[in-house]
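Here are some notes to read alongside the model. Please keep the sequence and the 3D view open, and find each residue as you go.

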Amino acid sequence: MEMDTLVEGVHEYRNSFLHVVIDDGARLLYSEWTRQPTRAEYRQAAGIFAAFLNENGILYWIQDTSVLQEIAATDMRWVLEELIPLADKSCLKKIARITCNKANIELFKEMVRIAKAEYKLSIEVRQFKSYREAAEWVEGISDADE
């Protein structure tokens, strides 16, 4: 995937439904949905995320899913089966997810519960309502979570 360099060590990837920024120094991946994806795009994004996680030694991932409407449980399960094993084998330590959609919050909590049980997921995962809360948790400033 072709990325643009914003400043030294900070790279950006963008397509019609996804915006990604990677900070090499912080080993941080920030992803933001720019619109509601189709089912195919949602699944395509899992491959994009997997590539970035594996190629960049990412420790922290802040996901902004604020624009996502309800995601089908079958799609969430597919992502669970495809992305979680790859993420767990990566360097990833923390995932901070930003969302306000109550249905997605509950579905994601269930997905994390399953991932911890089925895959022995060791990555810390929390959900937040703002970027600031998510970033503070990732940086170790706050223990709060939703």
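1. A word to begin with. Buried means under 20% relative accessible area, exposed means over 50%, and partly exposed is in between (1.4 Å probe, protein chains only). Threonine 99, with a relative accessibility of 1%, therefore counts as buried.

2. Where the values come from. This is a predicted model, in which local features need pLDDT of at least 70 and side-chain atom pairs count only at pLDDT 80 or more, while totals for chains, interfaces and linings use all residues. Residues are numbered from 1 along each chain as its sequence is written, and side-chain values use heavy atoms, with hydrogens and water left out.

3. Around threonine 99. You will find this residue in the loop between β6 and α3; helices (H or I, at least four residues) and strands (E, at least two) are DSSP runs, numbered from the N terminus. Which residues does threonine 99 touch, not counting those up to four places away in sequence? They are Thr65, Asn104, Ile105, Gln127, Phe128 and Lys129, where contact means heavy atoms within 4.5 Å. Threonine 65 is 34 residues from threonine 99 in sequence, yet their C-alpha atoms are 5.3 Å apart.

4. Rolling a probe the size of a water molecule over the atoms shows where empty space is left. Here the structure holds 1 cavity of 30 Å³ or more, and about 280 Å³ of space lies in the largest cavity. On a 1 Å grid over the protein atoms alone, a cavity is a set of points where a 1.4 Å probe fits but cannot get out, and lining residues have an atom within 4 Å of a point. Grid points are joined across faces, edges and corners, and the volume is the space filled by probe spheres set on the points.

5. The cavity's lining. Of the 22 residues that line the largest cavity, Gln63, Val79, Leu83, Phe108 and Met111 are the closest to its centre. Two or more lining residues come from each of β4 (28-33), α1 (39-56), β5 (60-64), α2 (73-89), β6 (94-98) and α3 (102-118). Helix α2 gives the most, with 5 residues. By type, the lining of the largest cavity divides into 18 nonpolar, 3 polar and 1 charged; Ala, Val, Leu, Ile, Met, Phe, Trp, Tyr, Cys and Pro count as nonpolar, Asp, Glu, Lys and Arg as charged, and the others, Gly among them, as polar.

6. Glutamine 63. This residue sits in strand β5. Its relative accessible area is 11%, so glutamine 63 is buried. Leaving aside neighbours within four places in sequence, glutamine 63 is in contact with Ser31, Ile95, Ala96, Arg97, Ile98 and Phe108.

7. Helix α1. The expected span of a helix is 1.5 Å times one less than its number of residues. The 18 residues of α1 should therefore span 26 Å, and its end C-alpha atoms are 26 Å apart, which agrees. Among the buried residues of α1 are Tyr42, Ala45, Phe49 and Phe52. What covers the buried residues of α1 includes β2 (10-14), β3 (18-23), β4, β5 and α2. After α1 comes glycine 57, whose phi is positive, near 55°.

8. A positive phi elsewhere. Most residues other than glycine have a negative phi. Arginine 27 has a positive phi, near 55°, and is found in the loop between β3 and β4. With 32% relative accessibility, arginine 27 counts as partly exposed.

9. In strand β3 you will see histidine 19, which counts as buried at 10% relative accessibility; its side chain and that of glutamate 12 are joined by a polar contact of 2.6 Å. Threonine 5 is in strand β1 (residues 4-7), and a polar contact of 3.1 Å joins its side chain to that of histidine 11. Threonine 74, in helix α2, has a side-chain polar contact of 3.3 Å with arginine 39.

Definitions and conventions. 1 Å grid on protein atoms, 1.4 Å probe; cavity = no way out; pocket = protein on both sides within 12 Å on 5 of 7 lines; lining within 4 Å. Polar contact = N/O pair within 3.5 Å; in protein donor to acceptor, adjacent residues only side chain to side chain.
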